[in-house]
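I opened this entry to record what I looked up in the structure.

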Amino acid sequence: MKVYFDNAATTALDERVLEAMLPYMREHYGNPSSVHSAGREVRTAIEKARKKVAELLSASPSEIFFTSGGTEADNTAIFCGIESQEITHAITSPLEHHAVLHPLEELEKKGKIRLNFVEVDEQGSLNMDHLRTLLENNPKAFVSIMHANNEIGNINDIETIGQLCKEHHAYFHSDTVQTVGHYVHNLSGTLVNATAGAGHKFHGPKGTGFLYVKKDKKIHPLLLGGAQERNMRGGTENVYGIIGIAKALEIAYEEMSSHRRHIESLKAHFIQVLKEHIPDVEFNGLSADMENSLYTVLNVSLPPSEENRGMVLFNLDLQGVAASGGSACSSGAAVGSHVLRAINHNPERDSVRFSFSRFNTLEEINYTVEKIKELYVAVH
Ligand SMILES: Cc1ncc(COP(=O)(O)O)c(C=O)c1O
């Protein structure tokens, strides 16, 4: 059996998305910046896609900039937001994706900003009092706190964080890559100034994304060149990618509640059977808390085991189960996850991040638990 439980890394392209993209690969190949009709028809399609994305996220089309993915959107918000707003202090959390941490650390290294990290507890919850203190001591800071964590699934209260940022005149960027397409966003109604999305996390094409920047919080472009994206991102647009991300988001919204119900029931079942069959199983962060974590992510901490140490992902892969360690792997050696380290995860225990999509089934969950049982229970 082949099981794909790595949907937080990327998802399968929806067939309907591919169908929407194909005409822009075959027939409609004009450059959208060209003034002839072949260019103009493509320009119209891009603007229609922008309008659709904006409408779904309750934003204005002028606030949506298409990018090459979540990383570029986060980098633009950070490098250009900080420069444009003449900010000298940034606040983030140790649990952010590297697309956020690395640009901030780079700016700190170059002496452009001072950087503070909000404290987190062993479940990965932010210490809001600490955030308040940091904001009080550093008004007009740049705050980057993700909406939901890609490894342990914790959902942060971005409304409260936005309110705190507003009170202290901070610029609030939130990496929403793991929630766009899975939760309803009402961007015009929130206090978030900039967010990011990536098409491949919700069955759209890879290498596509968007940056949302609130109207009155204009920032400079990251890529300089032509006047594309209203001077916010030079370079000929990824036309079929833009068509694809808009179509994927449209489908995600149309089918969100039924997909959510299906995936939630898979996750609840997974938690239950793991507890039943794997003695001493634990769940990292808030991932087993159905209310406060992504319904798409379950991060499982397995009991210490000499036989499996550092080999669980490999052994599961041998059984056809694709999951992730929430860690970067290089040449077969697992490099510890910065997220698990920040929440003091016991290094004796192996952790596996299982992440789900609407294409997964109960049968796949049962099969996977059976394989974990064979690895962990059979040998003891
Ligand atoms: C929370 C988060 N932010 C940013 C990214 C980067 O997105 P992309 O791979 O589209 O650049 C990811 C992707 O793994 C993510 O999970």
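The notes below follow the order in which I went through the elements.

**Entry 1**

I am working from a predicted model. I started with the sheet that contains β8 and noted its strand order. It is an open sheet of 7 strands, ordered β2-β8-β7-β6-β5-β3-β4, with mixed pairing. β2 and β4 (114-117) are at the edges with a single partner strand each, so one side of each has no neighbour in the sheet. I noted an average twist of 20° from one strand to the next.

I then looked at what packs on this sheet. Helix α2 (residues 37-56) does, touching β2 and β8, and its direction makes about 115° with that of β2. Helix α4 (residues 98-109) lies across β3 (89-92), β4, β5 (142-144) and β6 (171-175), and runs at about 140° to β4.

Is strand β8 buried or exposed? I found that 5 of the 5 residues of β8 (residues 209-213) are buried, so the strand is largely enclosed by the rest of the structure. I checked the two faces separately. Gly209, Leu211 and Val213 are buried on one side, and Phe210 and Tyr212 are buried on the other.

Next I took the pairing on either hand. Strand β2 (residues 64-67) runs antiparallel to β8 and is joined to it by 4 bridges. Threonine 67 has glycine 209 of β8 as its bridge partner. Strand β7 (residues 194-198) is also antiparallel to β8, with 5 bridges between them. There I noted alanine 196, whose bridge partner in β8 is leucine 211.

I looked at β2 for its side chains too. Ile64 and Phe66 point one way and Phe65 and Thr67 the other way, and all are buried.

**Entry 1: the three-stranded sheet**

I moved on to the sheet that contains β10. This open sheet has 3 strands in the order β9-β10-β14, paired antiparallel. Which strands stand at its edges? They are β9 (282-283) and β14 (350-355), each with a single partner strand, so one side of each is left without a neighbour in the sheet. Strand β10 (residues 297-302) pairs with β14 over 6 bridges in the antiparallel sense. Leucine 302 has aspartate 350 of β14 as its bridge partner. I also noted that α9 lies across β9, β10 and β14, at about 10° to β10.

**Entry 2: helix pairs**

For each pair I wanted two values. Two packed helices are described by the angle between their axes and the distance between the axes.

Helix α9 (residues 256-277) packs with helix α12 (residues 362-376) at an angle of about 25°, the axes being 10 Å apart. With roughly parallel meaning under 35 degrees, α9 and α12 are therefore roughly parallel to each other. α9 passes α12 in a right-handed crossing. On the α9 side I listed Leu266, His269, Phe270, Val273, Leu274 and His277 as making the contact. On the α12 side the contact is made by Leu362, Ile365, Asn366, Thr368, Val369, Ile372 and Lys373.

The second pair is helix α5 (residues 128-137) and helix α6 (residues 158-167), packed at an angle of about 20° with axes 10 Å apart. α5 and α6 are therefore also roughly parallel to each other. Their crossing is right-handed. Met128, Leu131, Arg132 and Leu135 of α5 meet Thr160, Ile161, Leu164 and Cys165 of α6.

**Entry 3: nonpolar cores**

Last, I looked up the cores. The largest nonpolar core has 62 residues, and those with the most contacts inside it are Ile64, Phe210, Phe270, Leu274, Leu302 and Phe354. Helix α8 (residues 239-254) gives the largest share of this core, 9 residues. Another core, of 23 residues, lies apart from it and has Ile87, Tyr171, Ala196 and Leu211 among its members.

Leaving out residues up to four places away in sequence, its contacts include Phe5, Phe270, Val297, Leu316, Thr368 and Ile372.

Technical notes
Residues are numbered from 1 along each chain as its sequence is written. This is a predicted model: local features need pLDDT of at least 70, side-chain atom pairs count only at pLDDT 80 or more; totals for chains, interfaces and linings use all residues. Side-chain values use heavy atoms; hydrogens and water are left out. Buried means under 20% relative accessible area, exposed over 50%, partly exposed in between (1.4 Å probe, protein chains only). Helices (H or I, at least four residues) and strands (E, at least two) are DSSP runs, numbered from the N terminus. Two strands pair if DSSP finds at least two bridges between them. A nonpolar core is a set of buried Ala, Val, Leu, Ile, Met, Phe, Trp, Tyr and Cys residues joined through side-chain atoms within 4.5 Å. Contact means heavy atoms within 4.5 Å. Axes are lines fitted to C-alpha atoms, for helices over the stretch in contact, and angles run from 0 to 180 degrees between N-to-C directions. Angles under 35 degrees count as roughly parallel, over 145 as roughly antiparallel, 65 to 115 as roughly perpendicular and the rest as oblique. A crossing is left-handed if the near helix is turned anticlockwise from the far one by less than a right angle, and right-handed if clockwise.
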